[in-house]
Amino acid sequence: MALLSTTDFPHQIVKTEGFAHKRIDLHSHTNCSDGGLSPQTLIDRAANFQIDVLAITDHDTVAGLDIAQKHIEDKNIPLKLIDGIEISTAWQGFEIHIVGLNIDKNNSQLKSLIEQQQEAREQRAISMGEKLTKCGFPTIYTDAKAMAGDGSITRAHFAKVLYQQGHVSTMQQAFDKYIGKKGSKGQRAYVKPNWCNIEEAIVAIHQAGGSAVMAHPIRYDLSAKWLRRLIVHFSEVSGDGLEVVLPQMSPDQRQKMLAYCQEYNLYASMGSDFHYPNKWSDLGRNLTMPVGAKPIWAQWQ
């Protein structure tokens, strides 16, 4: 039987330094980055789904964490919030996301990296807005910025605006036609990001007392050879774990990720990467830690 499951928790609870829980989701987003729900609404949804432990991991920001924690305390919600962040990094021309879990959100080195990332994100958004203006969308940057509000502006905000204004039939089409990575026809408004590297992200997460986890390794457009190179590099620069479980993964994919963890002595994490309710994925859905995995929370005391 699996160590921890969101659907079938074993009768004998596995305890790790006082951290013993049932339903666990360690990757979710709010509208402080590109999620669709406020921190308060996300917490309410997690409570309704009987999630015991939830990590909020917004892109390059920790702005939603205090809001969420206050809501938990004000409403006396029986949920453990794990402070987290998802840091965008650059590796060999690919954008790789590193999740920081159980961090000190007030750590000065982490704050410095966040400021650096936010500046890079803003400059990218400005350049993307200029390119989209040339494509015939003159107010796109202003509209995307307004949609982001006080949160981090992301490509998803541009995609939502293009979709809501009827310029594309789906949000994915906005990426495919305009803002996706160059290399295929029609992506005229793609702007290469100026993110930190993987090692810089890991160092900042460790300085903040957290665990560094590679987010959704199966989603990167990498061959098996290049994915192994990425995982080897991640391990060599002291990364802690891999996301081995996502809602939409085959058993073979989960076993492959578990095998990488075992081969390179990495911990295992799991999360929905929740952004907004949809029929394919939701908080805590289909998250089961495979037998033989070292759960990332075994690092936490």
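**Entry 1: domains**

Domain bounds here come from an automatic or database domain assignment. I began with them, bearing in mind that this is a predicted model. The chain is split into domain 1, covering 24-114 + 198-299, and domain 2, covering 115-177. I looked up how many residues each side gives to the contact: 15 residues come from domain 1 and 13 residues from domain 2. Next I took the centres of the two domains over C-alpha atoms and found them 24 Å apart.

Then I turned to the interface. The size of an interface is often given as the accessible area lost when the parts come together. For domain 1 and domain 2 I noted about 1100 Å² buried between them. Of that area, 38% is on carbon and sulfur atoms.

**Entry 2: the largest pocket**

I noted about 1600 Å³ of space in the largest pocket. Its lining runs to 39 residues. Nearest the pocket centre I found His97, Arg155, Phe175, His216 and Arg219.

S3, S4, H3, H5 and helix H6 (171-179) each supply at least two residues of the lining. Strand S3 gives the most, with 4 residues. By class I wrote down 14 nonpolar, 13 polar and 12 charged residues for the pocket lining.

**Entry 3: cavities**

Rolling a probe the size of a water molecule over the atoms shows where empty space is left. I counted 2 cavities of 30 Å³ or more. The largest cavity holds about 50 Å³ of space.

Which residues line the largest cavity? I listed Arg121, Arg124, Ala125, Met128, Ile153, Thr154, Arg155 and Phe158. Helix H3 (108-134) and helix H5 (155-164) each supply at least two of the lining residues. The largest share comes from H3, with 4 residues. By class, the cavity lining has 4 nonpolar, 1 polar and 3 charged residues. I marked Arg155 for a second look: it is in the cavity lining, and it is also among the residues nearest the centre of the largest pocket.

**Entry 4: helix H5**

H5 had now come up in the pocket lining and in the cavity lining. I checked how much of the helix is buried. The count is 7 of the 10 residues of H5, so the helix is largely enclosed by the rest of the structure. The buried residues are Ala156, His157, Phe158, Ala159, Lys160, Val161 and Leu162. What do these buried residues pack against? I found H3, helix H4 (140-148) and H6. Phe158 is on the buried list, and Phe158 also lines the largest cavity. After H5 comes Gly166, with a positive phi near 85°.

**Entry 5: positive phi outside glycine**

Gln92 has a phi near 50°. I placed Gln92 in the loop between strand S3 (80-91) and strand S4 (94-101). Is Gln92 buried or exposed? Its relative accessibility is 55%, and the cut-off for exposed is over 50%, so Gln92 counts as exposed.

Asp273 is another case, with a positive phi of about 55°. I found Asp273 in the segment after strand S8 (267-270). The relative accessible area of Asp273 is 11%; buried means under 20%, so Asp273 counts as buried.

**Entry 6: two single residues**

I looked up His71, which is in helix H2 (residues 63-75). Its relative accessible area is 12%, and His71 is therefore buried. What does His71 touch once neighbours within four places in sequence are left aside? I noted Gln40, Ile43, Asp44 and Ile77.

At 29% relative accessibility, Gln299 counts as partly exposed. With neighbours within four places in sequence set aside, Gln299 is in contact with Ser211, Asp240 and Tyr267. I checked the pair Gln299 and Asp240 along the chain and in space. They are 59 residues apart in sequence. From C-alpha to C-alpha, the two are 9.2 Å apart.

Methods: Residues are numbered from 1 along each chain as its sequence is written. This is a predicted model: local features need pLDDT of at least 70, side-chain atom pairs count only at pLDDT 80 or more; totals for chains, interfaces and linings use all residues. Side-chain values use heavy atoms; hydrogens and water are left out. Buried means under 20% relative accessible area, exposed over 50%, partly exposed in between (1.4 Å probe, protein chains only). On a 1 Å grid over the protein atoms alone, a cavity is a set of points where a 1.4 Å probe fits but cannot get out, and a pocket is an open set with protein on both sides within 12 Å along at least five of seven lines; lining residues have an atom within 4 Å of a point. Grid points are joined across faces, edges and corners, and a volume is the space filled by probe spheres set on the points. Ala, Val, Leu, Ile, Met, Phe, Trp, Tyr, Cys and Pro count as nonpolar, Asp, Glu, Lys and Arg as charged, and the others, Gly among them, as polar. Contact means heavy atoms within 4.5 Å. Buried area is the accessible area (1.4 Å probe) that two parts lose on being put together, summed over both.
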